[in-house]
Amino acid sequence: MMKECSYCHAKNSDKSKFCEQCGKPLGENGSTNEPHETSKSTVAQKNIQPVLIGAIVALVGIIIGIILFIYLKPNNTSALSSESSRTETTSTTKNSSQTETTSSKKEAENYDEIIKVAKELNIEGKYKESELKLASIPVSVLGKPEWATIKEAIENLTNLNNKGLQEQKKSSDNVQQNDDPSTFTGDLAKWANTYTFYYSQSSQKQSRLTIATNGGVTQSNYDGTQYFGRATIVNASGDILSYNTDTLYPTRMPSTKTINSNVKITIQWDNNGGSQNLYGYLSYSSRLALTDGLNKGSGVNEVWITY
């Protein structure tokens, strides 16, 4: 039986071990062993290649993942840190602003209370005590723009205290005792002051009333005229009709109320202008007030109050 070479398909003797044509080894049936081995190798390579490619892809993926992890994590941490820093800064700023606002409000309330007490002491003729009270407000406050109103109130009250102290000194320097009720001295000296008409009704023209320490009186009117007189003052008590003076400049008629007077001031007007009684008391707004206690319509005839 002839052996056929599986490579060149040449016919060989059945005893031949190699192809007489191409020299390739012949199997028992004529096929060669080398192509068979080559086929195995090819199959093995085909099986190995996908595995090798998969391994390479996986390795590349791992390397890329490591690189991304190394380079991106610090950036994220930095971003988070930056965001956290901004949040903390905003929160701190907001809390600081709220704290400053609350602190400023409390300071204003405290200063207002000090000025109120100092004003009451001034009205009572305790000028030194009033100045000591004002001295508790730090001088540094007076230089801040936001405390301009406080500064103005302190300066006005200080001027009144200085004026009161000067009057007290003049009174103490006067060796001769003066019992003339037309002179406003001692505790009564505070009623020698300047008053403004509190609420004008129809046909009234009064604007300002000034009482001097020597008893001289000047009433200025809106039409430019002035009335002059002389006042005497005595301690007094009793219920008198007046206005509620909580409002600084009322645009409508205030409600009436009954007050307990502290002094009675009698004004004798010049040129046979007759006499007039005004009763003095301390208003709830810590200002001096004078009222004639007379009804006029649904209100009071005359009420005066210090600035």
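Contact here means heavy atoms within 4.5 Å. The model is predicted: local features need pLDDT of at least 70, side-chain atom pairs count only at pLDDT 80 or more, and totals for chains, interfaces and linings use all residues. Residues are numbered from 1 along each chain as its sequence is written, and side-chain values use heavy atoms, with hydrogens and water left out.

Start with Leu290. Leaving aside residues up to four places away in sequence, Leu290 touches Trp191, Tyr195, Leu209, Ile211, Ile265, Leu278, Tyr279, Gly280, Glu302, Val303 and Trp304.

Leu290 belongs to the largest nonpolar core, which has 20 residues. Such a core is a set of buried Ala, Val, Leu, Ile, Met, Phe, Trp, Tyr and Cys residues joined through side-chain atoms within 4.5 Å. Buried means under 20% relative accessible area, exposed over 50%, partly exposed in between (1.4 Å probe, protein chains only). Phe184, Trp191, Tyr195, Leu209, Ile265 and Leu290 touch the most other members. Strands S3, S4, S6, S9 and S11 each give two or more residues. Strands are DSSP runs (E, at least two residues), as helices are (H or I, at least four), numbered from the N terminus. S9 gives the largest share, four residues. A second, separate core of 11 residues includes Tyr199, Ile240, Val300 and Ile305.

Now the strand pairing, which requires at least two DSSP bridges. S5 (residues 216–221) and S6 run antiparallel, joined by five bridges. They form a hairpin with four residues between them, and Gly224 in the turn has a positive phi of about 95 degrees. Val217 stands opposite Gly229 in S6. S6 also pairs with S9, antiparallel, over seven bridges. There, Gly229 has Trp269 as its bridge partner.
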